[in-house]
Amino acid sequence: MADDGMLLNFSIPETGILARPSLKGGNWRDRAAAKKAAANWHTKASARLSGDKVEKAPRKDTEKVANANRTELGQRTRRVSKSPDLQDSGERPVKRARVDGDFRPRASEKTPGTEPSTFRPQSNPGATQKPSERQTAPKGGKQVISSLFTYNPTSTTKPQAPERRQDEAPAEPSNAPLSNELDTFTSLGISTPLASHLLNKMDLKAPTAIQKAAISQLVKDDSDAFIQAETGSGKTLAYLLPIVQRLMELSANMKKRKEDDNVQRSSGLFAIIMAPTRELSKQIALVLEKLLGCAHWLVATTVIGGEKKKSEKARLRKGINILVATPGRLADHLEHTEALDVSNVRWLVLDEGDRLMELGFEQEIQKIVGALNLRMRGNKTRIPGLPEKRTTVLCSATMKMDVERLGQISLKDAVHIRADPSENEQNSGPECNNDQTFYAPAQLKQSYAVVAPKLRLVSLIAYLKRAFTRKGSVMKAIVFVSCADSVDFHFDILTSNLEEEKVEATKEEVEGEEDGDGTSKKPAKRPKAIAQAEPTKLSVTHAESSVLSPKSHSVTAYRLHGSLQQSLRTSTLAHFTKNNDAAVLIATDVASRGLDLPNVDLVIEFDPAFAREDHLHRIGRTARAGRDGRACIFLMPGPEEGYVDILKSDRKDNEAGTTITRQDADDILTRGLVTSGIATKTAYMDIAQDLQLNVERWALASPARLEAARRAFQSHVRAYATHVADERKYFDIKALHLGHLAKAFALRERPSGMKAPGLRTGAGRGDRTPAKIRGAANPDANKSIGANAKKAIDLDLPDAKDTEEAAKMRKAVRAREKFMRHAGMADEFNLG
Ligand SMILES: Nc1ncnc2c1ncn2[C@@H]1O[C@H](COP(=O)(O)OP(=O)(O)OP(=O)(O)O)[C@@H](O)[C@H]1O
């Protein structure tokens, strides 16, 4: 310096930028230690400015300073923050209690008007924001937009080197029809007319393995049976075919004896099939109707909740031979409909037994079985040819404790029927409690995506965009989310024209600035159309997805959940089934069980299922009856990655788990979003950031939308608390970073006042959403929002303050039950 002839005089004022902090709070020891360390720190900092090197202060002292400062800070704000440097170590960013309206940016972006940040942003090329991305805060200039790519937790299981994908030979389908020429329906005891009907009218050439095992047993024997097989293996026909075959034989015998022409609808009710949901009951009835095409004198009908009891009664009065029912409605008719005579019932099927129990139908089933026993014994005039004993068939994918209970209620000396006969020898009857016999279809290609909470929404969109890029590569996809509000939110996002709104919003923002006279700028106004933007009415359940549709073809988005009216759910499923073009269904678990939707190539579990069995049922909506299929589950970095162990247990043949592939967010975003130009390593970041901003603008465009996004977020978090106890180590609500997760719901901040079992209530403010926001201009929307708001109140789960694990578990189980009943999951089914 002296050489330059310049002397820089940096005078360091005592009370200036490096002033010693005045220390308050804590005990005297802390204060003394902190004072000493602060003195060190001061010397060090001064020396740094003057270019001198200072010996590193002992770590202990530094920590004490930090502690003392924290104590002081804590007294003022009760807030503790952690060094951002820690974020690089792969730890989750520390959650801090946030006071409403008090934001400290975690990222590089801050809206004008906010206080200067004392937080050091992590350098990241993708985090640089364009001026256009700077969002005007709605109120008070306190809004902060955090970058998508900063402070994300890093994966705990990411392989150092990219995984080498082995060219594995495609697995042999495990649920396909048998290919051996000797395995025909007639060889199992099915009559030639019925077998030709299967071939000619239903295009079914050969039985599947479970059909082979079940049909050969049930056509010749009256023993009770417990059928257990994987998803999509044809269980419906496995029990329907023997019943129809036996009734056709009964009819033929009657004819032979010239007692009657045939079995008539007035001859009596011979078989009852019970299913847990209306959808499933209707589906079974549809298959039955097709089968009865070759025995038109046999009449079947359904009695299910949600239908008019009066018309059901009228049908029952006319006479029926086979009845498909939900338990609640059947129990009701048994009590109140005299015309329902069950004294001749010789076949009782309990389909999806585990679900029947899970949904709490035990009492109804007990009542029904009791009534059947009583009336059968009381019937002295038996129809000739009708078996003496009733055969009860219980179908269940799993053999959990409650299925054992159902077996005790309904079965006696049951034969255990499985697709692989060698398994029958190892375990027999539902009393063998072995859940590890339920696997995913072998041909199903499974993968998991590790995606940080902030990136979830853009990654989902990117994943779907990629899936639908090429016409015909994916025809139909199902995206499972945890609750009805989340379905509505994602449906709205996918069916909105985000690009158009972006243009409108940007134009208006610019106009807002230019309108001013240079001295006082007019605030930007929202375009009229956007200001009135409302969430889509519940009556609309499908629409073109402009977000997902490529130029070459259109993709239709559907929604399905239990808050929709039954008729709407039925018509939505029918529309989705008949749609021959690309389509995506966003659904809760209402679509997870038993539904046979054709051409589903891809299942995405955007929110992991609440239990392993539910997960297997969900992914079982694809890869059915030997067809190909793909399934991908989204997991967040951290404890959720442990769920891969569960995925490995899905595979019967999988020792090392090599068949389950991993995908990372950067890969998903690059493949889905970078459609032109050079796909550099970070090219996806700007596009993803833009997409996220569009989504956030979209939500900000109207109070009703924002409210819907908040509700979706809140319901999602509450649902998160309801994972089964065994799996809660993967889905630990305490590890959830709510601020980050909020971004995946287009929210720039986490809503305050959340309650969920186990959730840390650091920001526990009351919900300050003005009442008028909850209502909307449109009366229809008002209605739906009102209904949902009511539901949100129903959903409010108690805070888990108990420390004992057992108490927590009980509470969470109760919470789950309550949530499911009220939120449209179990209750989705609108129980019969
Ligand atoms: N023998 C067969 N050959 C070809 N396809 C069949 C055969 N049997 C059934 N299928 C078809 O397989 C699909 C799945 O059948 P089904 O719904 O009965 O399976 P599932 O085992 O009950 O499945 P889930 O456990 O998911 O309820 C249906 O589309 C059905 O038409």
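1. In this predicted model, helix 14 (residues 484–495) lies across strand 10, strand 11 and strand 12, and its direction makes about 165° with that of strand 11. Two of these strands, strand 11 (residues 556–560) and strand 12 (residues 583–587), pair in the parallel sense over five bridges, and within that pairing arginine 559 has isoleucine 586 of strand 12 as its bridge partner.

2. The sheet to which these strands belong is an open one of eight strands, in the order 10-11-12-9-13-14-8-15, with mixed pairing. Strand 10 (542–544) and strand 15 (660–664) stand at its edges, and because each has a single partner strand, one side of each is left without a neighbour in the sheet. Neighbouring strands of this sheet are turned by 20° against each other on average, direction ignored. A further helix, helix 18 (residues 612–619), lies across strand 8, strand 9 (476–480), strand 13 (600–605) and strand 14 (629–635), running at about 150° to strand 13.

3. Leucine 455 is placed in the loop between strand 8 (444–450) and helix 13 (456–469). Leaving aside residues up to four places away in sequence, leucine 455 touches Leu148, Asn152 and Ala665. Glycine 594, by contrast, is 139 residues from leucine 455 in sequence and 32 Å from it in space, C-alpha to C-alpha.

4. Another open sheet has seven strands in the order 3-4-2-5-6-1-7, and its pairing is parallel. Its edge strands are strand 3 (300–303) and strand 7 (415–418), each of which pairs on one side only, while the twist averages 15° from one strand to the next. Strand 1 (residues 225–228) pairs with strand 7 in the parallel sense over four bridges, and glutamine 228 has arginine 418 in strand 7 as its bridge partner. Helix 8 (residues 327–336) packs on this sheet, where it touches strand 2 (271–274), strand 3 and strand 4 (322–325), and its direction makes about 100° with that of strand 3.

5. Helix 10 (residues 362–378) has 17 residues and reaches 24 Å from its first C-alpha to its last, which is close to the 24 Å expected at 1.5 Å a residue. Which residues of helix 10 are buried? They are Glu364, Ile365, Ile368 and Leu372, and, seen down the axis of helix 10, the buried residues fall within an arc of 95°, so they line one face of the helix. The face turned away from this buried side carries the exposed residues Gln363, Gly370, Asn373, Leu374, Arg377 and Gly378.

6. Helix 21 (residues 683–700) and helix 22 (residues 703–720) have axes that come within 6 Å and cross at roughly 115°, so helix 21 is roughly perpendicular to helix 22. Where the two helices meet, Trp698, Ala699 and Leu700 in helix 21 face Arg705, Leu706 and Ala709 in helix 22 as contacts.

7. For the chain as a whole, the model has 26 helices and 15 strands, and buried residues make up 45% of its 832 residues. Among contacts between residues at least 6 apart in sequence, 76% join residues at least 24 apart.

Notes: Residues are numbered from 1 along each chain as its sequence is written. This is a predicted model: local features need pLDDT of at least 70, side-chain atom pairs count only at pLDDT 80 or more; totals for chains, interfaces and linings use all residues. The expected span of a helix is 1.5 Å times one less than its number of residues. A residue is buried if 20 or more other C-beta atoms lie within 10 Å of its own, exposed if 12 or fewer, and partly exposed in between; C-beta atoms are placed from the backbone. The arc is that of the directions from the helix axis to the C-beta atoms. Two strands pair if DSSP finds at least two bridges between them. Axes are lines fitted to C-alpha atoms, for helices over the stretch in contact, and angles run from 0 to 180 degrees between N-to-C directions. Two residues are in contact if their C-beta atoms, placed from the backbone, lie within 7 Å. Angles under 35 degrees count as roughly parallel, over 145 as roughly antiparallel, 65 to 115 as roughly perpendicular and the rest as oblique.
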